[in-house]
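Work through the exercises below with the sequence and the structure open. Try each task before reading its solution.

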Amino acid sequence: MKIMFVDMPEIEKQCRPFFNSTDIECYHYYSNEPESLPLEEIEVIIGFPKRNLLEPQTMPNLKMIQLPSAGYDKIPLDDLKKRGIICANASGVYSIPIAEWVIAKILEIIKQSRYYYQNQEKLVWKKNYNMFELPGMRALIFGTGSIGQQIAKRLRAFDVIVDGVNSDGREIMYFNQCLNMENGKKASGNYEILIFSLPNNKHTAGLVNSDFLANVKKNVIIINVGRGTLISEPDLMDALNKEKIRGVALDVTEKEPLPVSSELWTHPNVIISPHSSFISDKIDQRRVELITFNVLAYYQNQEIKNRII
């Protein structure tokens, strides 16, 4: 069986030893260095496949794609499903560092970290009495997948009441209760903290708009580690300028990189990071474990983890 990694040389190097006792052959596709590959014989792609690789005439024997990300909004799932191609994502690989990032940003906001950092730079010794505690606060997490669960688990340790929002309101571990999307939007005004860990699709794009923000509680904290398309940035800026929001932390934006002209960069109540909340010293280990497990599962005709289609 032939498999192909796409622009992941270090991951391929770490995965290869796990296939030594099999007849799995590894190849590598470099998008900036085209080379002669037996594309017509490749069964499994690991990485983000280029659009041309997904054409039936290019890779007629393709049977499975293992994505290195949790998100899959840029993959033509409907086309792959019609061809019977399996697709799996990397859900769970990045959940812990992202959840830690969320907790860090909430604490930065309620403990006025920016105020003290700025004063430290100016050598100013001055207290800020506008600080708060987490116990008793209510948080609503839109998205109860692996990332949402890890966030909820950590917030509960701070005695925060954590509810979740998913497609049908099904119960999920670590959440006090779960609501469906429509009820979640209606209930959003009851929470001090709103966290978004949703993928981009027709149901989530533009979720946080002027209507949504008109309903939120004054001095709410908003965190987005899902997709930048979830939030209308002009509507968010309008709410910030009306002093309705205590703090915002965005790891994702509508356009990435965030344009230098965006007012979000300089607003005193906004924290920006460059889509980096997932970074950790342990993610490569988890990716290798998932990739090797799923490739061997496919090879042995066994159940595949994180299967989307």
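This is a predicted model: local features need pLDDT of at least 70, side-chain atom pairs count only at pLDDT 80 or more; totals for chains, interfaces and linings use all residues.

**Exercise 1.** Find which element gives the largest share of the lining of the second largest pocket.

Solution. The second largest pocket holds about 380 Å³ of space. It is lined by 19 residues, and the closest to its centre are I109, Q112, R246, P268 and N269. Two or more lining residues come from each of α3 (95-110), α4 (113-121), β11 (245-250) and β12 (270-272). Of these, α4 provides the largest share, with 5 residues. Sorted by class, the lining has 8 nonpolar, 7 polar and 4 charged residues.

**Exercise 2.** Is Y174 buried, partly exposed or exposed?

Solution. First locate Y174: it is in the loop between β7 (161-166) and β8 (178-180). Its relative accessible area is 25%. Buried would need a value under 20%, and exposed a value over 50%. Y174 is therefore partly exposed. Its backbone has a positive phi of about 80°, although Y174 is not a glycine. Most residues other than glycine have a negative phi.

**Exercise 3.** Which residues does a cis peptide bond join?

Solution. The bond lies between E256 and P257, with omega about 0°. P257 belongs to the loop between β11 and β12.

Definitions and conventions. Residues are numbered from 1 along each chain as its sequence is written. Side-chain values use heavy atoms; hydrogens and water are left out. On a 1 Å grid over the protein atoms alone, a cavity is a set of points where a 1.4 Å probe fits but cannot get out, and a pocket is an open set with protein on both sides within 12 Å along at least five of seven lines; lining residues have an atom within 4 Å of a point. Grid points are joined across faces, edges and corners, and a volume is the space filled by probe spheres set on the points. Helices (H or I, at least four residues) and strands (E, at least two) are DSSP runs, numbered from the N terminus. Ala, Val, Leu, Ile, Met, Phe, Trp, Tyr, Cys and Pro count as nonpolar, Asp, Glu, Lys and Arg as charged, and the others, Gly among them, as polar. Buried means under 20% relative accessible area, exposed over 50%, partly exposed in between (1.4 Å probe, protein chains only).
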